[in-house]
Structures are given as C-alpha cells and as structure tokens.
Amino acid sequence: MKQSWSHIFAMFMRYSYLHKRSIPRAFEIAFWPVMELLVWGFVSLYIQQVAHGALSKIIVFLINAMIFWDILYRSQQAIALSFVQDVWTQNIINILVTPLRIWEWIVAAFIYGFVKILIILIILSVLALGLYNFNLIETQGLYLIPMSLNLLLFGGSVGLITSSLILRWGLAAEALIWGVPFLLQPISAVFYPLSILPPWLQVIAMGLPSTYIFEGMRTIVKEGSLSLDYLLLPFFLNIFYFIVSALIFLWMYRQAQIHGRLSKLGMD
Amino acid sequence: MSPLLPLIEIKDLCKQFPGTLALNHFNLTLQNGEIVGLLGPNGAGKTTAMHTLLGILTPTSGEVSVLGMSPFKERHVIAQNINFSSAYVQLPTNLTVMENLKTFARLYAVPNAKNKISDLLELFEISYLTKRLTGALSSGEKTRLNLCKCLLNDPQLLLLDEPTASLDPEIADTVRKILKKFNQEKNIGILYTSHNMPEIEQLCDRIVFIHQGRVLAEGTPKEVIQKFSTQNLEQVFIKIVRGEYQ
Ligand SMILES: Nc1ncnc2c1ncn2[C@@H]1O[C@H](COP(=O)(O)OP(=O)(O)OP(=O)(O)O)[C@@H](O)[C@H]1O
Ligand SMILES: [Mg+2]
C-alpha cells in the first residue's frame, strides 16, 4: 500500500512539474476556460438585453452550463493528456517497466485532473461573479459538490476511452483527444433542455450521466431544489461507465502487448 | 528467490508479428552476476527479446522467466528488481534531470532517494545537470542520465538495449567500467545489446548470437571467435550474417 502511494504520488508529481516551472503551462490551465467564459458571458448579456428581461435567467443558464461543461471537458483532457504526455516524450516504455500498476496510474491521473479542475473552477467562479454577477455557489448550493463530482467522473471515463484509442492507433488518434468530448456535448443537453432533442435522441441522452447533471442544473436554477434522482442516477451510470472504460483500457493494453504496439506508440 | 535460479530463462520462445517471425524458438539463460551480450544484425530480434523479458510484449509461444517469475503474471514484483535502458527510449524531455530522477525514484519507492540520486549523478559525472531540461541534454548526457535511472532501484538484473549507442569513445569506456564495477561489486546480471563488437568482447562474459530470431552461436567471446576461426567478433558477425559458415 505504501508503495502504491509512492507510485501514485510519482505520477501525480510527474504531471504537476510541467506547470510548476513553465509559465505558459501554468497559464494554460485556465486560458481556454476563461476565454469561453468571456464569450458565453457576453453572449448571454447580449441576449438578455435584446429580450428586454423576458429571458432574465438566460445568463445563469448559459454561464452555469459553460462552467459545468468545462468540468467534464477538462477532466477528460486531464486524463487523456496525462497519458499522451508520456507517448509524446517517448517515455512510455520507461514508465511501463517500473512497478507502476495500471490502476495506480488511473488514480494518479484522476487526482491530477481533480486538482486541476478545482483550480479552474475557483478561477471561473470568481470571474463570473466579478464580470457577470453570477454566483455559482449561491446558485447551485451544496448540489454543486455531487454534481461536479459526477461530471468529473464521467469526464475521467471518457478520458480513459480516449487513451484507449491512443493505445490502439497511436498518435494518429491524437486529434480525438480534443474531439471525443464534443461527440457528447449535443446529446448531453448542455445548453438547452432535454425536451428540445428529438425523442429517439432523448433516449440515448438519458443513458449519459452528464444529461442528468445539466438538466438538474437548470431545475435548480428554476425551482431552487432537486430530486435526489438527478444525483443518484448519474452516479450509478458513472460507476458503470467507469468500469467499462477501465476494462476497455486494460483490454487495449493487453492487445498492445500482443501486437507490439507499446514500443511503437510515439513513433507515428 | 533462490540463488541457484538463473536470472533469465527463456525456453523455445516464439514471437510472431504480422509478416515477421521476430523470435523463432529462441533460448537464453543468464546466471546471477553474468554479463551476456545479445548480438545480431538489425532486425534479428534482440529488442523483441528484451521487451518480452520486461513484460511489455507477450510471446506467441514458449516460456519466459525472470528472477524465477513470469513477466506476465508477476510483472510488478520483477519490475521492482530489474531495470532497463535503451538509447531509443527517452526520459520526458520537458522535465529537468532532477525531476525525472525523483519521479523514477518514487516509482521504484527508493528509500533515501536524495542521497541515492546524488551518488549516481556523481558516479556518472553529471551532477552539474540537475536543473537542466532533459530535452536540452546532449545524447551522451542523456545516456548517462538513463543509466542513473537504471541503477536507482539497486537492480539484480539490467536489460540494456544499445546503451552506448551515442556515446563518444571516452564516455563509452567510462560507462563500461561503471557497469563492470556494479556487476562485480553488487553481482548484478546484465543482458546487453550493442553493435560495437570490441565493446562486447571487452565487457561480456558470454555472448549469444541471434539471427532471424534464432540462436546461431553461443559461448565466451573467445570460444565463439575460435569456433568460427576468425580473429575477432566483428569477423564472426560478418561471417554469420553473410551465411559463410557451416
Ligand atoms: N511492434 C512490431 N510490429 C511488427 N513487427 C515488429 C515489431 N517489433 C519488431 N518487429 C519486427 O521484428 C523483427 C525483430 O525486430 P527487433 O526490433 O527485435 O530487432 P533488433 O534485433 O532489436 O534490431 P536492431 O539491431 O535494429 O535494433 C524485425 O523484423 C522487426 O521489423
Ligand atoms: Mg533493437
């Protein structure tokens, strides 16, 4: 157990060193989220103005949605980019021949993602409060914690799947790191209610934990409270998705061992 | 682990890649404290054999045991007691030398890591590099850093895939002396590949010559040179690869 923590700490620090020393990288943590916040913030201010108060909650919906989406997206990025980091630097073999186990790597990448997202979340909430008078904590209350954790977990699972694709196709699949989450965005009803989607797509959407969180977020804004279903259902779905994505990753790893892909990963 | 067990035992190992039989009923043993040179032309299967020992490649058939264990079932136990370095595998270029060594010291749960790291840096004469980015090192410096990484966990067995590939003759000599010293003082076994025949003659207790995935000659460098009636290993190499032997 003590060894496992040493391994997890090693990988956590290995990812964190990158931000410690390099200013652009420290900056990178918050750059895109802040830019997104600015755009969405001003867009909603504008809509609000044009609608003359008829859409008074639009700013809350959009900014909240954007921040929540970012939790999911950054979590996926943290996992996938951690993995691909060692592929890019042709270090993956060095890591794979240490006593590090795959589950330890997964834990380290999740903790790294968690810390990174916590920082982003703090920056975004402060900015949203200052610029648009939007108070995330007041709006979502204590629901914020289970909701964020659900998004974090789902993003992590998507990140694991993305990493599996890289295990299979190497850097040829690199573009998917940024692309895969956007497959989920339209279905997850991020910026609009689930009811907007055609019925068949709604069925698919209900299979994604993210949908419940975004629906729940809007319910809280409208009604001030939320049925527990909106937190528990996605949680159970999340457990399912996590197990499935970890199994896919392990399976791809075994396949890579058979086909000799591990030593060729960074080469294409 | 019993001291009588060989550090490496490979029996009848085959590895089939699409279109290539990289290892063809390959056999190898390496005893405690032995330095074995794995020789052969490009594409002979040397790296494939090493990766199989490391557990990152599964064999198509055959038996592999490292420190008496299976690299596929007990990889992490083995990994704690062996190490690997290759001129073709890098440490993260965007971390400093010290950050890299700290990371690997943690991955190997090295006790007293600080002292261990500074001793090794001194040994390889690269203490002045600690704050440098690994990507900014010369290839000779990188190689020495890789070797520091290799010795962090006091391994019983080292798998070195062309470790001196980019070293100048003087540093290559220093590196060989250090490896020999570790081998003698700590009884570390070393499996070594290199295309530098004089180096192999000087360093290895025994050589295994492999061509198209199978062993073609085996013995002390002297024995092999005699067997092929040549002056040195280089001539043996050329003879074998050109098929000019019985
Ligand atoms: N991952 C892989 N997929 C397909 N073929 C492979 C793979 N790895 C190695 N091979 C093939 O297996 C054979 C043995 O390759 P290997 O890398 O083991 O040779 P080597 O003896 O290390 O050569 P070198 O001296 O050039 O390093 C070669 O024909 C190579 O093309
Ligand atoms: Mg090779």
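This is a predicted model: local features need pLDDT of at least 70, side-chain atom pairs count only at pLDDT 80 or more; totals for chains, interfaces and linings use all residues.
Residues are numbered from 1 along each chain as its sequence is written, and chains are lettered from A in the order written. Local features need pLDDT of at least 70, side-chain atom pairs count only at pLDDT 80 or more, and totals for linings use all residues, while side-chain values use heavy atoms, without hydrogens and water.

Biologist: How much space lies in the largest pocket?
Modeller: A pocket is an open set of points on a 1 Å grid, where a 1.4 Å probe fits, with protein on both sides within 12 Å along at least five of seven lines. Its volume is the space filled by probe spheres set on the points. Here that is about 560 Å³.

Biologist: Which helix supplies the largest share of the lining of that pocket?
Modeller: Lining residues have an atom within 4 Å of a point. Helices are DSSP runs (H or I, at least four residues). Helix 2 (75-81) of chain B is among those that each supply at least two lining residues. The largest share, six residues, comes from helix 11 of chain A.

Biologist: Are helix 1 and helix 5 of chain A roughly parallel, roughly perpendicular, roughly antiparallel or oblique to each other?
Modeller: Their axes, lines fitted to C-alpha atoms over the stretch in contact, lie 8 Å apart at about 45 degrees. Under 35 degrees is roughly parallel, over 145 roughly antiparallel, 65 to 115 roughly perpendicular, and the rest oblique. The two helices are therefore oblique.

How values were computed:
Axes are lines fitted to C-alpha atoms, for helices over the stretch in contact, and angles run from 0 to 180 degrees between N-to-C directions.
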